[in-house]
Amino acid sequence: MNQDLLTLQPDKPPIITSEIEVIRFYHDTDAKAAVQEMIVGTYVLVEEFYSNGLEILAELKRTLLVYYTDKKFQGQRDFRSAFREASHRLLVEVKGHKLVVKKAPVIGWLKVLYPEIADFYVSFPEVQGMNSAWQWYQKGIEVKTLGITLHPFYGTYFPTRFEHLTLFDRWLKKYIGSKEKAIEIGVGSGILSFQLIQNGFKTIFASDTNKNAIIGVAQECKRLDYEANITLNHGDLFENCDVKADVIVFNPPWLLAKHSLEEGLDKAIYYEKELFPQFFEQAQKHLTCHGKIVLLFSNLAQVIDAKSPHPIIEELRTNGRFKKELHLRRDVNASSKKTKRTDSRENEKVELWVLTPKEMV
Ligand SMILES: C[S@@+](CC[C@H](N)C(=O)[O-])C[C@H]1O[C@@H](n2cnc3c(N)ncnc32)[C@H](O)[C@@H]1O
């Protein structure tokens, strides 16, 4: 396991540790007036009950919707950005790593992420995010067909549908090549690397640009006793990687970004147009001559907009570096068996691509 991991600090929500001027919001405070204050730049502190925070956020939403009536993409984006800015001025107080307000959830991240600061203020929406992430972390995500339960670290992507994991599992069960070395790009909460180990791969180099993913997978490897099998690296694509692998696996972000990307979860969903050309160029150098690249992808971008590019098809069509060995597709089920999909995503398919190097002539 990489030594650098000991010094890696997780990304976490910003906190305020100094005394600040706030308007205190109690159950009988005028919510409309407090919302106006938040919009013009004043901090509002939630007092008494956690639910008072929910009430004021609902009022903020109602207020902003009066101004942001455009239902088109840009209008909705402007609304979200105004909501985000004002809502982050709603604060909650933390004392001894616990929320001070009554009937508040217990959130372990308040201690895990800020071990040396017990008392501070943090924004209410960040607390909601931490609460949800803590529930997932504690309860775990059970991938029944694989017999694995994941405990994703704060701020890390984790799968909520499993069709692509089933496709990968099926491919792994049939794979008969060397299992000495694998590389996973974009390890997230670790699931694909764990599948590789379960299927007999001896050593894996796994990387991610998200620090929290690397910290989380390091903890998971300890829990699952996989530490000897994985070298973790916080970095871009194959940065710091000096191995050639029998298999390189990547479940990349599936949508081309139309905005500039933030670190963290944004990069699990959206990609910049350089990502795939860079990935393929570097992958070529890190693959043994009989090696295979396995990509898990989706037609989601084409379902949203038929003219969207498909970066794997583009690579095969334009660069002559790899040939297609296999392309499997599978329907994406509704999250619940009882709900029939009627949304625009009913044509969504997950894809597994296997590419091999073209022989040099
Ligand atoms: C869709 S998630 C997949 C996570 C996990 N492998 C899975 O299958 O559940 C994509 C992951 O790739 C990471 N990522 C995005 N761009 C990257 C890059 N240039 N280098 C390394 N990792 C990257 C993201 O941070 C994210 O964890």
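These are my notebook entries on a predicted model, taken element by element.

**Entry 1: helix α1**

I began with α1, residues 31-40, and asked which of its residues are buried. They are A31, A34, V35 and M38. Viewed down the axis of α1, these buried residues fall within an arc of 100°, so they line one face of the helix. The spacing makes sense to me, because an α-helix has 3.6 residues a turn and residues three or four places apart point the same way. On the other side of α1, I found K32 and V40 exposed.

Next I looked up what covers the buried face. The cover of the buried residues of α1 includes the strands β1 (22-25), β2 (43-46) and β3 (90-95). It also includes the helices α2 (50-67) and α3 (73-87).

Then I checked both ends. At the start of α1, a side-chain oxygen of D30 comes to within 3.0 Å of the backbone nitrogen of K32. After α1 comes G41, with a positive phi near 115°.

I moved on to β5, residues 120-123. F120 and V122 point one way from this strand, while Y121 and S123 point the other way. Are these four buried or exposed? All are buried.

For the pairing, I noted that β3 and β5 run antiparallel and are joined by four bridges. Within that pairing, E93 has Y121 of β5 as its bridge partner.

**Entry 2: the seven-stranded sheet**

Here I traced an open sheet of seven strands with mixed pairing. Its order is β10-β9-β8-β11-β14-β16-β15. The edges are β10 (230-234) and β15 (322-331); each has a single partner strand, so one side of each is left without a neighbour in the sheet. On average, neighbouring strands of this sheet are turned by 15° against each other, direction ignored.

β11 (residues 245-250) and β14 (residues 287-298) pair in the parallel sense, over five bridges. Across from V247 stands K292 in β14.

**Entry 3: helices on the sheet**

Which strands does α10, residues 275-285, touch as it packs on the sheet? My list is β8 (181-185), β11, β14, β15 and β16 (349-357). The direction of α10 makes about 155° with that of β14. I also logged α12, residues 311-318, which lies across β14, β15 and β16 and runs at about 30° to β16.

Back to α10 for its buried residues, which I wrote down as L275, F276, F279, F280 and A283. They cover an arc of only 120° around the axis, which puts them on the same side of α10.

From that set I took A283 for a separate look. A283 is buried, with a relative accessible area of 0%. Apart from neighbours within four places in sequence, A283 is in contact with F238, I248 and I293. I also checked A283 against A245: the two are 38 residues apart in sequence and 9.3 Å apart in space, C-alpha to C-alpha.

**Entry 4: N210**

N210 sits in the loop between β9 (203-208) and α8 (211-224).

What does the side chain of N210 have beside it? A polar atom of that side chain lies 2.9 Å from the backbone oxygen of G155. Leaving out neighbours within four places in sequence, the contacts of N210 are G155, T156, H234, G264 and L265.

**Entry 5: Q198**

Q198 lies in helix α7, residues 191-198. This residue is partly exposed, with a relative accessible area of 37%. Beyond the neighbours within four places in sequence, Q198 is in contact with L146, I148 and Y226. Q198 and Y226 are 28 residues apart in sequence, and their C-alpha atoms are 9.8 Å apart in space.

**Entry 6: the record**

Last, I looked at the annotation. UniProt, in an unreviewed entry, lists residues 178-297 as "domain: Methyltransferase small". In the model, that span is 31% helix and 31% strand, and its end C-alpha atoms lie 24 Å apart.

Conventions. Residues are numbered from 1 along each chain as its sequence is written. This is a predicted model: local features need pLDDT of at least 70, side-chain atom pairs count only at pLDDT 80 or more; totals for chains, interfaces and linings use all residues. Side-chain values use heavy atoms; hydrogens and water are left out. Helices (H or I, at least four residues) and strands (E, at least two) are DSSP runs, numbered from the N terminus. A polar contact is a pair of N or O atoms within 3.5 Å; within protein, one must be able to donate a hydrogen and the other to accept it, and residues adjacent in sequence count only if both atoms are side-chain atoms. Contact means heavy atoms within 4.5 Å. Buried means under 20% relative accessible area, exposed over 50%, partly exposed in between (1.4 Å probe, protein chains only). UniProt positions are given in the numbering used here, feature names are shortened, and annotations may be inferred rather than shown by experiment. The arc is that of the directions from the helix axis to the C-beta atoms. Two strands pair if DSSP finds at least two bridges between them. Axes are lines fitted to C-alpha atoms, for helices over the stretch in contact, and angles run from 0 to 180 degrees between N-to-C directions.
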